[in-house]
Amino acid sequence: MSNSLPVDAVALREEVKTKYRAVAINPHSGYHFHTGRPLAQRLGYDDAVVARMPDSAIEAFAGVGNPFSQGALSTGERVVDLGSGGGFDCFIAAEQVGAEGQVIGVDMTEEMLQRSRATATAMGLRNVEFRQGIIEDLPVETGWADVVISNGVINLCADKHRVFNEIMRVLRPGGRLQFADIATGKAVPEAEIRNIDLWTD
């Protein structure tokens, strides 16, 4: 483990994979976080948009906020979603950018990718694709994106400097970041920072 990182990045990644693999396979099981339509409504997503989504598009949703509350996307924009999970935010983005736009969801969990790809096919979406990868090393070309979105994922990465470097790399000049995440305004004791279980709990 690098001395500059609070926890082992690979070990944390595996812990996160285990947790969200379970959500992908069994989204209706009880978790210590909210999921699905009730969560989307609680976070202020547009009721009409949520109502249009098939169950497969939203039941594994486990975000912490609403990146679209920072502004709607524009027709024709190219979007990257960090940690796209079951694809809910990607499907909203795909609707907003229209047929001329393009959305790439990046996720590291195979079960989430299977879910999101199957749902995109069922919905007939041709302007969204899902790529396997980690957000510290995005499988997206430099300067490709007009917008990067993320919802409750950056806080689950040990190396945030690397994450933000990757965001800046894939954004075109003048591009923007719209994200929702968990932050604390209080100092966290060193022992707790180094406890991987607390990162995912």
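The model is predicted, so local features need pLDDT of at least 70 and side-chain atom pairs pLDDT 80 or more, while totals for chains, interfaces and linings use all residues. Residues are numbered from 1 along each chain as its sequence is written, and side-chain values use heavy atoms, with hydrogens and water left out.

Let's start with helix H1, residues 9–25; helices (H or I, at least four residues) and strands (E, at least two) are DSSP runs, numbered from the N terminus. Several H1 residues are buried, among them Leu12, Val16 and Tyr20. Buried means under 20% relative accessible area, exposed over 50%, and partly exposed in between (1.4 Å probe, protein chains only). Helix H6 (110–123) is included in what covers them.

Now for the salt bridges (a side-chain nitrogen of Lys or Arg within 4 Å of a carboxyl oxygen of Asp or Glu). The structure holds 11 of them. In one, lysine 17 meets glutamate 14 at 3.5 Å, N to O. These two are about one helical turn apart because they sit three residues apart in H1. Another joins arginine 115 to glutamate 59, with the closest N and O atoms 2.9 Å apart. This pair links distant parts of the chain, 56 residues apart.

Finally, look at glutamine 178 in strand E5 (residues 171–180). Why does glutamine 178 count as buried? Because its relative accessibility is 4%. Its side chain reaches the backbone oxygen of proline 67 at 3.0 Å.

Notes:
Polar contact = N/O pair within 3.5 Å; in protein donor to acceptor, adjacent residues only side chain to side chain. Expected span 1.5 Å × (residues − 1). Contact = heavy atoms within 4.5 Å.
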